[in-house]
Amino acid sequence: MDATPPMPYTTTMDRLRDLDPLLLATLVVGAVALAAQQLANPAVTAVLLVGFAGVMAAREAQSMLANLREGIWGIDVLAVMAVVATIAVGEYWAAWIVVLMLTGGHELEERAAGRARRELHALLGRAPTVAHRQGAGGELEEVPIDEVAASDVLVVRPGEVVAVDGVLLDDAAVLDESQLTGESLPVEHLAGDDLLSGAINGAGALTMRATATARDSQYQRIVELVREAAESKAPVVRLADRIAVPFTLFSLALAGGAWAMSGDPTRIAEVLVVATPCPLLIAAPVAFLAGMSRASRNGVIVKGAGTLERLSRVATVALDKTGTLTHGTPTLVRIVQGHPTAITGSAATDEVLRLAASVESFSTHAIATGIVATAGDQGLALRPAANAREEVAHGISAQVDGHVVSVGKATWIDQLCGGFPHPDLQPGELAVHVALDDTWAGSLILADAVRDEAATVLSWLRDTGIDHLVMVTGDGARTAHHVAEAVGVDDVHANCLPTDKVDLVTGLEPRPVMMVGDGVNDAPALAGADIGVAMGARGSTASSESADVVIMVDDLYRVARAVSIGRHTTRVALQAIGLGVALSIGLMITAALGHLPAVVGAGLQEVVDLACIVWALRATRPGRHEPPSPPDHEPTTPPRTFATVSE
């Protein structure tokens, strides 16, 4: 039987080695001084405590003077004065506790920040460095990801991270995309599907073709955004820095006043040892790191702590229509059968769809792609087509089974057929018409469906105090107002060019203004808004480059979640600052009245510091007023169901 190693001893030693060296030295000095005191050697105790505290005070003073030369006034001034004052009045143990507070505060900061950065570090630490490239003969070679080129065939082993963006070559694969999108369930992909770099492969190896280099891939871009965010500084953090100056002056005035009124110089030390609130140095930054970590965990990349703070104050929300309030992909809603001599039989409408898809398979237009996908969903096998010819801005034609099939706009089909009865369209609908040998065979009626969650999300934003909701779109007024009515938006701006969107966003009131969009044409408006939010961004697109917030999945619920996280994080940071200042002032007044010995006060200040950091870490958890969440199995694309109508 294998022996069990002495885990408790090893774990304790490992933890000691992980401690900050200065904190470890402080603890050792304290232990030795306490032993000397127990052995009735007060002189040794005094020398140890005074010497060590003096060295640490000198070290802190050197850092303080360097900051002062750069114009930075921090509360380290109070820490140095507290050590000097306690030594001067003979409170040696209080001096040691102040030093313990300083060194322990740095350790607490690292521990708290480390916990707050957990999700960020998980994202950064998983960045792949190598890929397995498949040669012409099927052999595999391990290469640095920087050497992977677009069109290279890669093999991703079970449990490995997808190194670059690409398309799946195998019939199927299951990947974990939770670190990218926040989706906890594994995602199944089929041949031809796009694969995101940063996703984790499942149980079986997969083969893919790279479509981008590592530099231009989704995951590397996310890593860059996270690094930028972690290094940023929020206005609330800068507010804490500004509080340091008046707080220091107030503390010195209170300490001097207590001495003057009591005639006891010990009061100075007693006041100053409780005048070093950790929140002004640590709590607010920890709260914002925690908030950005939580956002990342929810599939939302916030580019800076300042953005997170601005999210908490959003007063106006402007939303693009196509791809934001709607799915952005036209879907078939019904088929209108054309001239009875063109196609006959009970399956005539199916044949209209089959012929249209057979011809549209030669086009890369989004509408054409949707028609082909719908035919596949209906189980319709496409017919072989040849001699395809695209009429720019009109449509496309090809030969199918010896017949000429044309698919396109009404004006073009009118010319080919000598006119035909145009189907009635509802707001938001468009028609693609099909002609067979210059006879109108039927029409496919498509619509860009409104997102199921759009009305719910906008209602939540309004209920939480954002009264001004605006829709901006390049579509016509009839379609725009139809969508606006469905989602509950009153302020509609239609027929907007990209420059019009910028002018509108920059002129909206009240501010801050959050602009939500998804396309390249939204990039200027995203950059012009106080907060630009890119929906479902992929890679280094213009929209994600211009945006302050990148929503990693095509999900409007995450926009509400970003606003909620911003509000909760800022509220927690301000609460942590207020808690620390209030408790410290209370202790200072108690000390000034002579009711708080220096040693006890120094110990209580440690408790205050710890309490404020724990409070700041509440930003990693949801607040009380959370936005709605998507259903467990909500479809990511609108259903391709449709009705049949005969003319």
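**Strands, sheet and rings**

Let's start with two strands: S11 (residues 316–320) and S20 (residues 513–517) run parallel to each other and pair over four bridges. Keep in mind that this is a predicted model. From here we'll go through the sheet, then some aromatic side chains.

**The sheet**

- Within the pairing of S11 and S20, valine 317 stands opposite methionine 514 in S20.
- Zooming out, seven strands make up an open sheet with mixed pairing, and their order is S10-S22-S21-S20-S11-S18-S19.
- The edges belong to strand S10 (300–302) and strand S19 (491–493); each has a single partner strand, so one side of each has no neighbour in the sheet.
- Going from one strand to the next, the twist averages 20°.

**Aromatic pairs**

- Searching the whole structure turns up two aromatic pairs.
- In the pair of tryptophan 93 and tryptophan 96, the ring centres are 5.6 Å apart and the planes sit at 80°, so this counts as edge-to-face.
- Both tryptophan 93 and tryptophan 96 belong to helix H5 (residues 92–116), where they are three residues apart, or about one turn of the helix.
- Tryptophan 93 is partly exposed because its relative accessibility is 22%, while tryptophan 96 has a relative accessible area of 13% and is therefore buried; the cut-off for buried is under 20%.

**A charge over a ring**

- Over at tryptophan 615, the charged end of arginine 618 sits over the ring, 4.6 Å from its centre.

Methods: Residues numbered from 1 in each chain as written. Predicted model: local features only at pLDDT ≥ 70, side-chain atom pairs only at ≥ 80, totals over all residues. Heavy atoms only, no water. Phe/Tyr/Trp six-rings, centres within 6.5 Å; stacked < 30°, edge-to-face > 60°. Buried < 20%, exposed > 50% of the residue type's maximum accessible area, 1.4 Å probe, protein only. Lys NZ or Arg CZ within 6 Å of the ring centre and 35° of its normal. Pairing = 2+ DSSP bridges. Axes fitted to C-alpha atoms, helices over the stretch in contact; angles between N-to-C directions.
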